[in-house]
Amino acid sequence: MDRIASLPPELLANIFKFLSGNALRQVRLVCHRWRCVVSSYRALATRLALRLKRGNGRGSYWMGQNFQPPPLVPVSSFAFVCWGIEGVDGWWPAFGRKLTVLTMTACTVRFEVFVAMLRVTPNLKCLELDVMSFEGSRPVAPDFRLEHVEKLWLIRVYCEAFSVEDVIEVLTVMCPRVKDFAMRMLVGMEILQKVMRRFETTLEKFQVKVKRRENDLKAYPIEQHPPENLVADMCILQGLRLKRVSMDVSDPFDEEDWKRLIQAQPDIEELILYVDFSWRLKRIAELTPKIRVLELHPVCIMNLQYLNSFQQLEFLKVHGNNLGNDPIHDVLFHPRLKELHLRSVHLVHFLYYLQQCTLLEHIQLEDCRFENRIIAPTTFPNLRNLALHYCNVDRKVLLFIFNGSPRLEQVRLSRMDHVDDQVVEVLCRRATGLWKLELNQVGVTDIGGMCIIQYAHSLEELRLIETECSMRVIEILQRTRNLRPKMLFSPPPDHLQSFNKKWASVLHKIYPDFSGNHVATHSGNGRSPLWDTTRDSSKLAVLGAYPLTSMINHGCSANVMRVELPGDRVAIVATRQIAPGEQIFEAY
């Protein structure tokens, strides 16, 4: 340790850069000198991110002037999730100076407070707002600029006393050098044209969906005449050099207009397309042979055979919600593909497609189906990230994929009926470098948990959500390695509140000091200590009530957690060291 301590900080920073973000967080806790190294070097600090998340209730999670968050590590990326913000004067100024990425999701804030927050973030490079609600008076242009902001995403923004156009006007003036701009709000064509012209010399990615139908409420209104739409502006602006655009190429589709766009913007490499016929895909592929990234939104039932016309693809994302339930028998082939995202797609020959894409590094499938016919044994040498959610995948196919994926690092399996202990064992045996694993509503028991303990030696992050693993296995995991597993449980039934009121009078007779809001509502593994949720909701059977443990107060910085034990028992487990006389808090 003395030799390591004598290393210069530049050499330590060079060593630390090979660690993951989670490992860097642990390195900061070793000593003051290592903490300074991680915090001082931008290449390391940019890999640290924090998310401050609370529930949806405004009354309980409103952030006022005197709000003090838990101790926060100095990071470059920060996210607010489900907060109402009235002021952050106490802690935000010092914390915001180092931020380069700020994300706000499902938040409510006064616009003048929001501007004050941005004023103390001079190094900000990325600003993302989604489901954002602004209150207060009409915004005015501020007297400062965020010159470093390159990414401005306004996904869904709502206003009470003023319009969304006012917010866009202020933010686009405040951030004059945006390269990546995206909006998903219903605004007028004039504001879109103004945004494009304002960022003419810097804009590279412009993601909007134009409206061509009266019933398409999620898109932008746009005239159908080419001289009056956004495509015409993209062709006219001389300083514009776009690399990523989002377009609706369904009827009416003007091929000449598209040709003019490609001639005026030859650097386009990434497309987001809303399309209705396959032949349009073929024509676009012929006009744009350099496309590397394609996100496809079919607006009706269509086949995908002309996807093969995009032979330079490295990223493919297909939203198949409108493709129907019929299987797609087209054989796809993209030899350069590195990342694949499919949603609601029934692709029969998926395994064959997977076998041909030897460079694939990331696969994400949601609500997908494909034929469970095993082909010849195959190795996927570059596959590092796999996420499967609610997919109809047979157990033997899962074993086939995991046996051939020795370099997997991150795996997420959610709502998969055929994931069991053997699948987890094969995964942990083969993927020796696995460092992040999430199992959500799958049939994994203590046997699978012991396989994780025995074989997943590189694991840093583990999430078990509604599995059948007991707390005994979790405790062994915590004792055998520096790993903090995260266990989540399902919420209680909707009518538990009426149950509380009904049984409060009964419990009051047994416990005179008992009040009606003290009934425990903890649930896990699809079954609550209070009642069995698998039975008919009108005939629920009471399993138990826990007035003593339910008297623990709620705290944002909880020091205990409630766990379910066999025999309808609950236990209160400390999540950190608790000093004598310290009050116990639980986050519920």
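Q: A salt bridge is a side-chain nitrogen of Lys or Arg within 4 Å of a carboxyl oxygen of Asp or Glu. Which residues are linked in a network of salt bridges?
A: In this predicted model, the network links Lys205, Arg244, Glu270 and Glu295. Lys205 and Arg244 can supply the nitrogens, and Glu270 and Glu295 the carboxyl oxygens.

Q: How many salt bridges does a search of the whole structure find?
A: The search finds 22.

Q: What makes the contact of Asp130 and Arg156 a salt bridge?
A: Their side chains meet at 2.9 Å, N to O. The limit is 4 Å, so the pair counts as a salt bridge.

Q: Which parts does the pair of Asp130 and Arg156 tie together?
A: Asp130 sits in strand E6 (residues 126–135). Arg156 is in the loop between strand E7 (151–154) and strand E8 (157–159). The pair therefore joins parts 26 residues apart in sequence.

Q: Why is Asp130 called buried?
A: Its relative accessibility is 18%. Buried means under 20%, so Asp130 qualifies.

Q: Why is Arg156 called partly exposed?
A: Arg156 has a relative accessible area of 37%. That lies between the 20% and 50% cut-offs, so the label is partly exposed.

Q: How do you know that Arg138 and Asp166 form a salt bridge?
A: Their closest N and O atoms are 3.4 Å apart. Arg138 lies in the loop between E6 and E7, and Asp166 in helix H8 (residues 164–174). The bridge therefore ties together parts 28 residues apart in sequence.

Q: What makes Arg138 exposed, and what makes Asp166 buried?
A: Arg138 has a relative accessible area of 59%, over the 50% cut-off, so it is exposed. Asp166 has 15%, under the 20% cut-off, so it is buried.

Q: Why does the pair of Arg292 and Glu269 count as a salt bridge?
A: The closest N and O atoms are 3.0 Å apart. That is within 4 Å, so the pair counts. Arg292 is in the loop between helix H12 (278–287) and strand E15 (293–298). Glu269 is in the loop between helix H11 (255–264) and strand E14 (270–275).

Q: Why is Arg292 called partly exposed?
A: Arg292 has a relative accessible area of 26%. This falls between 20% and 50%, so it is partly exposed. Glu269, at 25%, gets that label too.

Q: Why is H14 called roughly parallel to H15?
A: Helix H14 (residues 395–403) and helix H15 (residues 421–430) pack at about 5 degrees, with axes 9 Å apart. Angles under 35 degrees count as roughly parallel, so the label applies. Among the contact residues are Leu398, Leu399 and Phe402 of H14 and Val423, Val426 and Leu427 of H15.

Q: Which residues touch the most other members of the largest nonpolar core?
A: Phe80 and Phe114 do, in a core of 156 residues. Domain 1 (1–43) and domain 2 (49–165) each give at least three residues to this core. Leaving aside neighbours within four places in sequence, the contacts of Phe80 include Leu52, Met63, Trp91, Trp92 and Met117.

Q: Which residues of helix H7 (residues 111–119) are buried?
A: They are Phe111, Val113, Phe114, Val115, Met117 and Leu118. The partners of the buried H7 residues include strand E3 (77–81), helix H6 (92–96) and strand E5 (101–110).

Q: What makes Gln478 partly exposed?
A: Gln478 has 42% relative accessibility. Gln478 belongs to helix H17 (residues 471–480).

Notes: Residues are numbered from 1 along each chain as its sequence is written. This is a predicted model: local features need pLDDT of at least 70, side-chain atom pairs count only at pLDDT 80 or more; totals for chains, interfaces and linings use all residues. Side-chain values use heavy atoms; hydrogens and water are left out. A nonpolar core is a set of buried Ala, Val, Leu, Ile, Met, Phe, Trp, Tyr and Cys residues joined through side-chain atoms within 4.5 Å. Buried means under 20% relative accessible area, exposed over 50%, partly exposed in between (1.4 Å probe, protein chains only). Domain bounds come from an automatic or database domain assignment. Contact means heavy atoms within 4.5 Å. Helices (H or I, at least four residues) and strands (E, at least two) are DSSP runs, numbered from the N terminus. Axes are lines fitted to C-alpha atoms, for helices over the stretch in contact, and angles run from 0 to 180 degrees between N-to-C directions. Angles under 35 degrees count as roughly parallel, over 145 as roughly antiparallel, 65 to 115 as roughly perpendicular and the rest as oblique.
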